[in-house]
Amino acid sequence: MRKYVGLDVSMKETAICIVDEQGRVVAEGKVASLPESIATFVRAQGVEIERVGLETGPLAVWLWNELRVMGVPAICIDARHAKAGLSMMINKTDRNDAIGLAQIMRTGWFRQVHVKSKPCHLTRALLTSRGLLVGMRGDIDNQIRGLLKTFGIVFGKAVG
């Protein structure tokens, strides 16, 4: 019998819920938001996992990549679409969100998000950081030039 897993990820802890094909909760718990902890919890149940779903978020790219490397069939789904399904639940808790995500995995009512590769994210981070540093340098140059004008020291236009 196939099982489906929902992960409600937060910065410190991840709520996990495993449901069977009929939607009955098989196991649930909370572990540290680390790929090793999540994979260990899922494997400890000793069941065949069909899909493991988590929403997009700050840790989603890292967790998705690491879980896939560990052989966990992780799927990242759009948080806005998941919210529509989870908003029907009365009590909004991490536990209930994990149950809802497991049910979404079971029914297949989700839109899978393409997770970009690590090199793509590294390139993006480097370009973003460079842009930020260049902007900061320009701001500092302008501040110094403005302060020096007060004392009659005027520079021409900055060159390279």
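Two strands count as paired if DSSP finds at least two bridges between them. Helices (H or I, at least four residues) and strands (E, at least two) are DSSP runs, numbered from the N terminus. Keep both in mind for the sheet.

First, the ground rules. This is a predicted model, with residues numbered from 1 along each chain as its sequence is written. Local features need pLDDT of at least 70, side-chain atom pairs count only at pLDDT 80 or more, totals for chains, interfaces and linings use all residues, and side-chain values use heavy atoms, with hydrogens and water left out.

Now the sheet. It is open, with 5 strands in the order S3-S2-S1-S4-S5. The pairing is mixed. At the edges sit S3, residues 25-32, and S5, residues 74-77. Each of those pairs on one side only. On average, neighbouring strands are turned by 20° against each other, direction ignored. For angles like this, axes are lines fitted to C-alpha atoms, for helices over the stretch in contact, and values run from 0 to 180 degrees between N-to-C directions.

Let's walk through the pairs. S1 and S2 are antiparallel, with 7 bridges. Leu7 faces Ile16 in S2. A hairpin of 3 residues joins S1 to S2.

Next, S2 and S3. S2 covers residues 13-20 and pairs with S3 in the antiparallel sense, over 7 bridges. Which residue of S3 stands opposite Val19? Val25 does. Thr14 has Val31 of S3 as its bridge partner. These two strands also form a hairpin, with 4 residues between them. Look at Gly23 in that turn: its phi is positive, about 90°.

How much of S2 is buried? The strand is mostly covered, with 7 of its 8 residues buried. Buried here means under 20% relative accessible area, exposed means over 50%, and partly exposed is in between, with a 1.4 Å probe and protein chains only.

On to the helices. H1, residues 35-44, lies across S1 (3-9), S2, S3 and S4 (49-55). It runs at about 155° to S3. H3, residues 79-86, packs on the sheet as well, touching S4 and S5. The direction of H3 makes about 100° with that of S4. Contact means heavy atoms within 4.5 Å.

H1 also has a helix partner. Two packed helices are described by the angle between their axes and the distance between the axes. H1 and H2, residues 60-69, pack at about 50°, with axes 9 Å apart. That makes H1 oblique to H2. The cut-offs: under 35 degrees is roughly parallel, over 145 roughly antiparallel, 65 to 115 roughly perpendicular, and the rest oblique. From H1, the contact uses Pro35, Ile38 and Ala39. From H2, it uses Trp62, Leu63, Glu66 and Leu67.

Now the charges. Side chains of opposite charge can pair when their charged atoms come close. A salt bridge here is a side-chain nitrogen of Lys or Arg within 4 Å of a carboxyl oxygen of Asp or Glu. How many are there by this rule? The count is 9.

One joins Arg2 and Glu21, at 3.1 Å from N to O. Arg2 is in the segment before S1, and Glu21 is in the loop between S2 and S3. They are 19 residues apart, so this pair links distant parts of the chain. Arg2 is partly exposed, at 36% relative accessibility. Glu21 is partly exposed too, at 30%. Arg2 and Glu21 also belong to a network of salt bridges with Glu50.

Another is Arg24 with Asp20. Their closest N and O atoms are 3.1 Å apart. Is Asp20 buried or exposed? Asp20 is buried, because its relative accessible area is 5%.

Asp94 is in helix H4, residues 94-107, and Lys30 is in strand S3. Asp94 is partly exposed at 32%, and Lys30 is partly exposed at 48%.

Finally, look at Gln143. It lies in helix H5, residues 118-149. Gln143 is exposed, at 53% relative accessibility. Gln143 and Arg111 are 32 residues apart in sequence. In space they are 48 Å apart, C-alpha to C-alpha.
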